[in-house]
Amino acid sequence: MAVRLIGIYCNKCKTKLYQYKKGGKGSLVKCFLHKIEIDYTTERNVCPNTNCKSIFARSTVISNKPANKIIGDRVFTRKR
């Protein structure tokens, strides 16, 4: 499985949230915390932009690993 770096951005204000190591070809559904390269957020799952503060994910545990489950259409991704 190929791992690639992607940027994850807030769909509302276009602020960068994470730089993430994504595996596989599918859409982004969850982010495992150990795969986040750079975290630009100050509060977990909340956009750091002071004018936005949109909640883009929910905290969960998947396969005994902490993760963020992405809420549909709250983020978009770009290849790095």
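Okay, one definition before anything else: a charge sits over a ring if NZ of Lys or CZ of Arg is within 6 Å of the ring centre and within 35 degrees of the ring normal. What we have here is a predicted model, and in it Arg 78 lies over the face of Tyr 9, 5.1 Å from the ring centre.

Let's stay with Tyr 9 for a moment. Its ring also pairs with Phe 76, and that pair is stacked, at 5.3 Å centre to centre with 15 degrees between the planes. Tyr 9 belongs to strand E1, residues 3–10, and Phe 76 to strand E7, residues 75–79, so this pair ties together parts 67 residues apart in sequence. With the cut-off for buried at under 20% relative accessible area, Tyr 9 counts as buried at 15%, and so does Phe 76 at 18%.

How many aromatic pairs does a search of the whole structure find? Two. The other one is Tyr 18 with Phe 56: the centres are 5.7 Å apart and the planes at 75 degrees, so we call that edge-to-face. Tyr 18 is in strand E2, residues 16–23, while Phe 56 is in the loop between E4 and E5, so here the parts tied together are 38 residues apart. Tyr 18 is buried, with 1% relative accessible area, and Phe 56 is buried as well, also with 1%.

Moving on to E5, we get to a sheet. It's an open one, three strands in the order E3-E6-E5, paired antiparallel. E3 (30–32) and E5 (57–62) are the edge strands, each pairing on one side only. The twist averages 30 degrees from one strand to the next. Between E5 and E6, residues 65–70, there are six bridges, and Ser 59 stands opposite Asn 68 in E6.

Technical notes:
Residues numbered from 1 in each chain as written. Predicted model: local features only at pLDDT ≥ 70, side-chain atom pairs only at ≥ 80, totals over all residues. Heavy atoms only, no water. Pairing = 2+ DSSP bridges. Helix = DSSP H or I, 4+ residues; strand = E, 2+ residues; numbered from the N terminus. Axes fitted to C-alpha atoms, helices over the stretch in contact; angles between N-to-C directions. Phe/Tyr/Trp six-rings, centres within 6.5 Å; stacked < 30°, edge-to-face > 60°. Buried < 20%, exposed > 50% of the residue type's maximum accessible area, 1.4 Å probe, protein only.
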